[in-house]
Amino acid sequence: MADDSGRKYDPNVVIRLANEKLAANDVEGGQLVFQSALLDWVDDAREGSASLDSESLREAVGTLWLAYAHYLTEANQFKSASEAYDQAISCPVAGSLGRIYLDFARFAEDRQRLKKAQDIYMKALVGKDGQASAVTDEQDRHLLWQEFLEMMRKSNPQLTLLDLQQAAESERQVQSLITTDAPETDPSADLYDIDPSLQMTSLHEPLSKRLKTGYDAGGGLQMPPSTQILQSSKTHVVTAESMETEASALVDTLQQTALPPDITAAWMIKDGNGPAVPPTPPLFDPSPPKLSDPTGKDILGLEMAVKLNRRLLESSGSLLLEVSRALWTLTALKEKECKTSLDTLDEDMLKEHERLEASLDARVSVAGAALSAVQQMNSNERNNFQVTCSQRRQNALSASAWEFRQLLCLQQQVLSKLRIPGFDGPTVDASALKLQSQICMYLHSAFYLRKRIGDAPHVSMLEKQAIRLDKELEQMLQEEQHHQDQQFGGGSNLPLPPPPPPPQTGNAYDYSYQQQPMAGLPPPPQQQQQGYIYPGQPVQGQALPQHLHQYGNQPHYPSYYQ
């Protein structure tokens, strides 16, 4: 009887039959062999009807899952192999075996799907989507952590196991804050009655290409009906996978340990030969600001106030304020951390000073005839100690300044991700920092007020402010347009200048030629015979000006006209 049980739950028998199908180019036949065995074995394990003990059957099911995935990989069915791995880690019998996760992660890494491999390790070790870690065996977890660390060190050779574990835990906490509505799925289309959210198959792949089997009435295998095939949607759908990608990118941003090279260089240029100082002004002050105008237009300007008001009224406005509050908290924590560090340094230097003074006093007490030399030596040591303390404190202040710069860069990146007007990635420009500080003053006032009065009253207040700001903006634009019209004449109602007078006849002036001579320069003499009237030339019946009497009846011309 034991022999029959061993043969019935022997993975080698199933593997041999499937390989025979593969050798005959019957890939689908081999798949059916694996699927039938897996369905039977898993059902026996769940119902407790197997003659083997549960642990031996669990290991046999795990071995069969891995053999199935290897079979599909050997047949170049890589997508189906990935689906088989997905179903293996979702299996209610063998889904907690560490070797399945390890093999799946190596498969993803070999296929250059590093994000997928990271997700596999995360699910096994810390859990994903609000669920606990899938692997609980300590030996399996130790092996998975080592493999995970080895993979991550290929891009970050300095990474330690402790850093990796802390980063994984931080990402799990971030993901636990993200709540999304899972798309509706048909549980009957899954291989087992499990949570559909565990099926991580891409929504962009047709359902007919996925490995989804179930029982029919006769106990055989059947594929889902064609009516269950998903049609491609023309609308953009925010999937759990895209949310995880964004969350992972955000976690990477939060865990940056160094400033971007261009930002570091910009700060060094601003420092010159002087010591590093924290960014001024900071984005967030410890206390809520006192705004004379709740719309913030007095410090931001009307247009920026309109943009921020509209941004807060979007569906993600509440999230924006919560993130702003978190960034303000980070500022407070960083200030407390730096103050504690400086206080600790001062205490240490004070203790060192006391020990130094005790040592110097002891030296003086036994100096004897060499007292003056010992006192001079003690004075030099005191001076050296003071210089050393000053350098240590300055180094601590510089390190603190760079930490605040790192925090500023982080805050700028997060606020840029949230599409806050005035934020477009890290910058050290003084005018940009001043504007961003004023924007954060408004955000600080907003999340502080919302915390005190509640969401609904605050949103209602923002809506009323939006109406008033839009009217003021429209009026301002109209006034600017009117001013431009008056300045440049566009659309102006001013009267046109009068037309020139008509030509006159019978007088001493000849308008037949309209060109005027150059101011202050008389024409050549030969042109006087053509009827032109020039400054100083007498007109018939008109007396000479008095200042020309000395020249007679002819005007005086320079010699170059002669």
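In this predicted model, Arg311 is in contact (heavy atoms within 4.5 Å) with Ser316, Gly317, Leu320, Leu418, Arg419, Ile420 and Pro421, when residues up to four places away in sequence are not counted. Arg311 belongs to helix α13, residues 302–312; helices are DSSP runs of H or I with at least four residues, numbered from the N terminus. With a relative accessibility of 6%, Arg311 counts as buried, a term that denotes under 20% relative accessible area, whereas exposed denotes over 50% and partly exposed the range in between (1.4 Å probe, protein chains only). The side chain of Arg311 reaches the backbone oxygen of Arg419 at 3.5 Å.

Residues are numbered from 1 along each chain as its sequence is written, and side-chain values use heavy atoms, with hydrogens and water left out. Because the model is predicted, local features need pLDDT of at least 70 and side-chain atom pairs count only at pLDDT 80 or more, while totals for chains, interfaces and linings use all residues.

Helix α6 (residues 98–110) has 13 residues and reaches 18 Å from its first C-alpha to its last, close to the 18 Å expected at 1.5 Å a residue. Of these 13 residues, 10 are buried, and the helix is thus mostly covered. The buried residues include Tyr101, Asp103, Phe104, Phe107 and Glu109. The buried residues of α6 pack against α4 (54–74), α5 (78–89), α7 (114–125) and α8 (138–153). Just after α6, Gln112 takes a positive phi of about 60 degrees.

The largest nonpolar core has 54 residues, of which Phe34, Trp41, Val61, Trp65, Leu144 and Phe148 touch the most other members. Such a core is a set of buried Ala, Val, Leu, Ile, Met, Phe, Trp, Tyr and Cys residues joined through side-chain atoms within 4.5 Å. Two or more residues are given to this core by each of α2 (11–23), α3 (27–47), α4, α5, α6, α7, α8 and α9 (161–177). Helix α4 gives the most, with 11 residues. Apart from this core lies another, of 31 residues, among them Leu259, Phe284, Met304 and Leu443.

The structure holds 8 aromatic pairs, defined by rings of Phe, Tyr and Trp (its six-membered ring) with centres within 6.5 Å; planes under 30 degrees apart count as stacked, over 60 as edge-to-face and the rest as tilted. The rings of Trp65 and Tyr68 have centres 6.4 Å apart and planes at 40 degrees, so this pair is tilted. Both residues lie in α4, 3 residues apart, about one turn of the helix, and both are buried. Phe34, Trp65, Tyr68 and Tyr71 form one aromatic cluster. Beyond four places in sequence, Phe34 touches Val14, Ile15, Ala18, Leu64, Ala67, Tyr68 and Tyr71.

The chain averages a pLDDT of 75, and 70% of the residues score at least 70; pLDDT is the predictor's confidence in each residue, from 0 to 100. Over residues 179–237 the pLDDT is below 50, and this stretch has 80 contacts in the model beyond near neighbours in sequence. Where pLDDT is low, the predicted coordinates should not be read in detail.

Methods. Polar contact = N/O pair within 3.5 Å; in protein donor to acceptor, adjacent residues only side chain to side chain. Expected span 1.5 Å × (residues − 1).
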